[in-house]
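Colleague: I am new to this structure. Can we walk through it by question and answer?

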Amino acid sequence: MKLSEEIELDSPPLFDMGSRVRTRKVLRNDGTFPGKDIGFHLAKKGDIGYVVGIGTYLQRAYIYSVHFLESNFVVGCLSRELELIDEDYKPLIEQEDW
């Protein structure tokens with residue numbers, strides 16, 4: 001996984017908890033998803049899921065835990081791998097200002 005030079009954590013997350021998102025590309029196991037071979041397709045391009053957690057990676061980027069309903073996998077995704085589906089989305093739980 002190659003990160004951009006930008007430090008994403010200087011800004012608030014692009015997605016909120018509960019955001020409905022779609023994958024921009026095929027997501028493959030890079031070895032961090034237990035029980036599946038490296039290279040296994042965890043989500044297809046266009047799969048829909050919901051953000052269920054927000055973490056960080058190397059103090060540079062946000063990692064979004066996304067629950068994909070079709071596969072029932074929860075996969076860690078970078079923001080560049082996702083796009084928001086519902087622009088008018090209001091989170092069920094209000095987030096604190098970052």
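## Rings, sheet and core

Modeller: Start with a charge over a ring: K36 sits over the face of F40, 5.0 Å from the ring centre. Keep in mind that this is a predicted model.

Colleague: Is F40 buried, exposed or partly exposed?

Modeller: Buried would need a relative accessible area under 20%, and exposed one over 50%. The value for F40 is 33%, so F40 is partly exposed.

Colleague: How many aromatic pairs does the structure hold?

Modeller: Rings pair if their centres lie within 6.5 Å. The count of such aromatic pairs in the structure is four.

Colleague: What kind of pair do F33 and F73 form?

Modeller: Their ring centres are 5.1 Å apart. Planes over 60 degrees apart count as edge-to-face. The planes of F33 and F73 stand at 65°, so the pair is edge-to-face.

Colleague: How many residues apart in sequence are the parts that this pair of F33 and F73 ties together?

Modeller: F33 lies in the loop between strand 2 (27–28) and strand 3 (41–43). F73 lies in strand 6, so the pair ties together parts whose separation in sequence is 40 residues.

Colleague: Is F73 buried or exposed?

Modeller: The cut-off for buried is under 20% relative accessible area. F73 has 17% relative accessibility, so F73 counts as buried.

Colleague: What is the angle between the planes of F40 and F73?

Modeller: F40 and F73 also form an aromatic pair, 6.2 Å from centre to centre. The pair is edge-to-face, and the angle between the planes is 70°.

Colleague: Which residue of strand 7 stands opposite R22?

Modeller: Strand 1 and strand 7 (residues 82–84) run antiparallel, joined by three bridges. In strand 7, the residue opposite R22 is E83.

Colleague: And which residue of strand 4 stands opposite R20?

Modeller: Three bridges also join strand 1 to strand 4 (residues 48–57), again antiparallel. The residue opposite R20 is Y50.

Colleague: Which residues of strand 1 form the covered face?

Modeller: In a regular strand, side chains alternate between the two faces of the sheet. In strand 1 (residues 20–23), R20 and R22 make up the uncovered face. The covered face holds V21 and T23.

Colleague: What is the bridge partner of Y64 in strand 6?

Modeller: Strand 5 (residues 61–68) and strand 6 pair over five bridges, in the antiparallel sense. The partner of Y64 in strand 6 is C77.

Colleague: Which element gives the largest share of the largest nonpolar core?

Modeller: This core has 15 residues, and those with the most contacts inside it include Y64, V66 and C77. The elements giving two or more residues are strand 3, strand 5 and strand 6. The largest share, four residues, comes from strand 5.

Colleague: Which residues does C77 touch, leaving out those up to four places away in sequence?

Modeller: Contact means heavy atoms within 4.5 Å. By that test C77 touches L27, Y62, I63, Y64, V66, F68 and L82.

Key:
Residues are numbered from 1 along each chain as its sequence is written. This is a predicted model: local features need pLDDT of at least 70, side-chain atom pairs count only at pLDDT 80 or more; totals for chains, interfaces and linings use all residues. Side-chain values use heavy atoms; hydrogens and water are left out. Buried means under 20% relative accessible area, exposed over 50%, partly exposed in between (1.4 Å probe, protein chains only). Two strands pair if DSSP finds at least two bridges between them. Rings of Phe, Tyr and Trp (its six-membered ring) pair if their centres lie within 6.5 Å; planes under 30 degrees apart count as stacked, over 60 as edge-to-face and the rest as tilted. A charge sits over a ring if NZ of Lys or CZ of Arg is within 6 Å of the ring centre and within 35 degrees of the ring normal. A nonpolar core is a set of buried Ala, Val, Leu, Ile, Met, Phe, Trp, Tyr and Cys residues joined through side-chain atoms within 4.5 Å.
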